[in-house]
Amino acid sequence: MSGRVLVIDGDQSHDVFEMLGIEDGIARVRSPLLFEIGEELAVRIEQDGGVTEHTVRVRAHLGPADAQVTELELLDP
């Protein structure tokens with residue numbers, strides 16, 4: 001799956017996530033930044049030629065630090 005998850009900050013967007021996939025309302029991403037569990041973010045998801053905006057909640061960080069996967073729960077799928 002190709003795509004991007006961008007964090008929206010006012011009128012700017014920041015490309016801080018590498019998207020691994022989205023399934024059942026959970027986006028799995030990698031990022032050099034570690035967001036707090038429970039933190040809510042406004043994001044823009046670009047995939048398959050479409051663009052959607054969502055509010056997500058950081059649900060979990062999984063795996064070892066050098067290959068950690070962050071789960072983002074879409075609150076408004």
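How many salt bridges does the structure hold? The structure holds 7 salt bridges, a salt bridge being a side-chain nitrogen of Lys or Arg within 4 Å of a carboxyl oxygen of Asp or Glu. The model is predicted, so local features need pLDDT of at least 70 and side-chain atom pairs count only at pLDDT 80 or more, while totals for chains, interfaces and linings use all residues. Residues are numbered from 1 along each chain as its sequence is written, and side-chain values use heavy atoms, with hydrogens and water left out.

**View 1. The largest nonpolar core has 15 residues.** A nonpolar core is a set of buried Ala, Val, Leu, Ile, Met, Phe, Trp, Tyr and Cys residues joined through side-chain atoms within 4.5 Å. Buried means under 20% relative accessible area, exposed over 50%, and partly exposed in between (1.4 Å probe, protein chains only). Val5, Phe17, Leu41 and Leu72 have the most contacts inside this core. At least two of its residues come from each of β1 (3-9), β2 (12-23), β3 (26-30), β4 (40-47), β5 (50-62) and β6 (69-74). Strands are DSSP runs (E, at least two residues), as are helices (H or I, at least four), and they are numbered from the N terminus. In soluble globular proteins, nonpolar side chains tend to be buried together.

**View 2. Leu41 touches Phe17 and Phe35, among others.** Contact means heavy atoms within 4.5 Å. Further partners of Leu41 are His54, Thr55, Val56 and Val58, with residues up to four places away in sequence not counted.

**View 3. Phe17 and Phe35 form an aromatic pair.** A search of the whole structure finds 1 such pair. Rings of Phe, Tyr and Trp (its six-membered ring) pair if their centres lie within 6.5 Å; planes under 30 degrees apart count as stacked, over 60 as edge-to-face and the rest as tilted. Here the arrangement is tilted, at 5.4 Å centre to centre and 40 degrees between the planes. The pair links distant parts of the chain. Phe17 is in strand β2, Phe35 is in the loop between β3 and β4, and the two are 18 residues apart. Both Phe17 and Phe35 are buried.

**View 4. β1 pairs with β4 and is joined to β2.** Two strands pair if DSSP finds at least two bridges between them. β1 and β4 run antiparallel over 5 bridges. In this pairing, Val5 stands opposite Ile45 in β4. β1 and β2 are also antiparallel, joined by 5 bridges. Opposite Arg4 is Glu18 in β2. The hairpin of β1 and β2 has 2 residues between the strands, and Gly10 takes a positive phi near 65 degrees there.

**View 5. Arg44 and Glu53 meet in a salt bridge.** Their side chains approach to 2.9 Å, N to O. Arg44 is partly exposed, with a relative accessible area of 22%. Glu53 is partly exposed as well, at 49% relative accessibility. Elsewhere, a network of salt bridges links Arg4, Asp15 and Glu46.

**View 6. A salt bridge joins Glu73 and Arg57.** The closest N and O atoms are 3.7 Å apart. Glu73 lies in strand β6 and Arg57 in strand β5, so the pair ties together parts that are 16 residues apart in sequence. Glu73 is partly exposed at 27% relative accessibility, and Arg57 is partly exposed at 30%.

**View 7. Arg59 forms a salt bridge with Glu71.** Their closest N and O atoms are 3.2 Å apart. Because Arg59 lies in strand β5 and Glu71 in strand β6, the pair ties together parts that are 12 residues apart in sequence. Arg59 is partly exposed, with a relative accessible area of 44%. Glu71, at 7% relative accessibility, counts as buried. Leaving aside neighbours within four places in sequence, Glu71 is in contact with Ile26, Ala27, Arg28, Arg57, Val58, Arg59, Ala60 and Leu62.

**View 8. Asp24 has a positive phi, and so does Asp48.** Asp24 is found in the loop between β2 and β3. Its phi is near 55 degrees, in a residue other than glycine. Asp24 counts as exposed, at 74% relative accessibility. Asp48 is found in the loop between β4 and β5. Phi of Asp48 is near 50 degrees. Asp48 is exposed, with a relative accessible area of 66%.
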